[in-house]
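Please read it alongside the model shown here.

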Amino acid sequence: MANKVPVAEDAKTKSYFKYYEEFEIAPYTPEQLAIIENAKGTMEESLPIGERVKVEGPGTLPARTGYFPLEEGGMLVAGNIPTPDITGDMMYWWFAWHGLDPLRYAIWDPEDHYDTKLNDLGRQRALDPSIPIEEKAWGASHTVTESIGGPPDVITLNFMDPSTLGYDMSMIGQPGCCEFLLTANSEIGDMHVPVHVVLVTKKIDGVMTTQERFWIGYAVIDGEGKYLLPPEVQVPEELCQGLVAHNLKEYTHLNKVLPLVYAEEKDKPWI
């Protein structure tokens with residue numbers, strides 16, 4: 001049994017503490033270990049950031065989980081994780097709800113999620129009943145401390161209205177397209193490496209699948225994907241492989257706990 005991240009002393013008083021205490025992370029399956037071992041892909045398999053809207057549509061681009069070099073530099077990390085027990089509604093609720101308390105972040109991955117801090121605007125929007133659940137995360141900055149295969153890193157995710165980042169909101173809910181969409185310009189670690197992130201859920205071959213894409217070295221600025229790292233900086237492959245492994249781990253676990261947490265907590269006061 002792996003060590004769990006520390007939590008606040010008052011965590012035991014909260015109704016959802018049991019998901020931290022009682023639910024263990026499952027070991028990687030042989031299939032997942034094979035995905036991690038063979039994660040490195042080619043530029044031909046990749047998806048340029050200029051074509052990021054394709055993630056919303058039917059199918060899977062790139063076609064497999066892994067990491068892939070990009071023409072300008074940087075890397076694309078792609079995760080395609082079966083999450084058959086999660087719905088789009090659950091995901092919108094989760095990303096609005098979990099940032100309000102570090103314990104909620106810890107139950108997502110109790111071995112790797114050390115802390116999360118939410119900016120004032122994100123907190124205000126999460127708690128404002130007039131804002132639709134699909135829009136509550138817009139404007140939220142989650143500053144998280146988590147391990148993605150090594151010592152904990154600080155990662156800041158600045159969630160934004162996807163339409164301002166070049167995504168097509170009319171595709172959400174269309175046949176074969178995504179049922180959930182969330183986007184962010186982010187930064188990883190002490191070097192503040194830019195990463196553009198898009199997260200969708202949609203059915204692939206009849207199975208709800210969580211698809212996350214990380215364009216490492218990139219941000220979307222004024223609707224255009226731009227590579228921001230200097231030529232001498234190369235994205236470490238171990239970071240990419242660690243991110244592939246972490247995504248498999250955290251979303252497999254979220255598929256186990258989120259339906260239970262959602263059923264028990266969604267109608268309670270959020271704070």
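1. Cys 178 is buried, with a relative accessible area of 0%; buried means under 20% relative accessible area, exposed over 50%, and partly exposed in between (1.4 Å probe, protein chains only). Cys 177 is likewise buried, at 11%. A disulfide is a pair of cysteine sulfur atoms within 2.5 Å, and a search of the whole structure finds 0 of them. For Cys 177, the nearest cysteine sulfur is that of Cys 178, 6.6 Å away.

2. On the basis of these values: this is a predicted model, in which local features need pLDDT of at least 70 and side-chain atom pairs count only at pLDDT 80 or more, while totals for chains, interfaces and linings use all residues. Residues are numbered from 1 along each chain as its sequence is written, and side-chain values use heavy atoms, with hydrogens and water left out.

3. Helix α3 (residues 88-97) is largely enclosed by the rest of the structure, because 9 of its 10 residues are buried. Among them are Trp 93, Trp 94 and Trp 97. Helices (H or I, at least four residues) and strands (E, at least two) are DSSP runs, numbered from the N terminus.

4. Strand β8 (residues 207-216) is mostly covered, with 9 of its 10 residues buried. Two strands pair if DSSP finds at least two bridges between them. Strand β2 (residues 75-82) pairs with β8 in the antiparallel sense over 8 bridges, and Met 75 has Ile 216 as its bridge partner. Strand β7 (residues 193-204) also pairs with β8 in the antiparallel sense, over 10 bridges, with Val 200 opposite Gln 211. β7 and β8 form a hairpin with 2 residues between them, and Asp 205 in the turn has a positive phi of about 55 degrees.

5. A salt bridge is a side-chain nitrogen of Lys or Arg within 4 Å of a carboxyl oxygen of Asp or Glu; the count comes to 11. One of them joins Glu 264 to Lys 18, with the closest N and O atoms 3.0 Å apart. This pair links helix α6 (residues 237-265) to helix α1 (residues 17-21), across 246 residues. Glu 264 is partly exposed at 33%, as is Lys 18 at 29%.

6. Which residue forms a salt bridge with Lys 249? The partner is Glu 111, the closest N and O atoms being 2.7 Å apart. Both Glu 111 and Lys 249 are buried. Glu 111, Asp 112 and Lys 249 are linked in a network of salt bridges.
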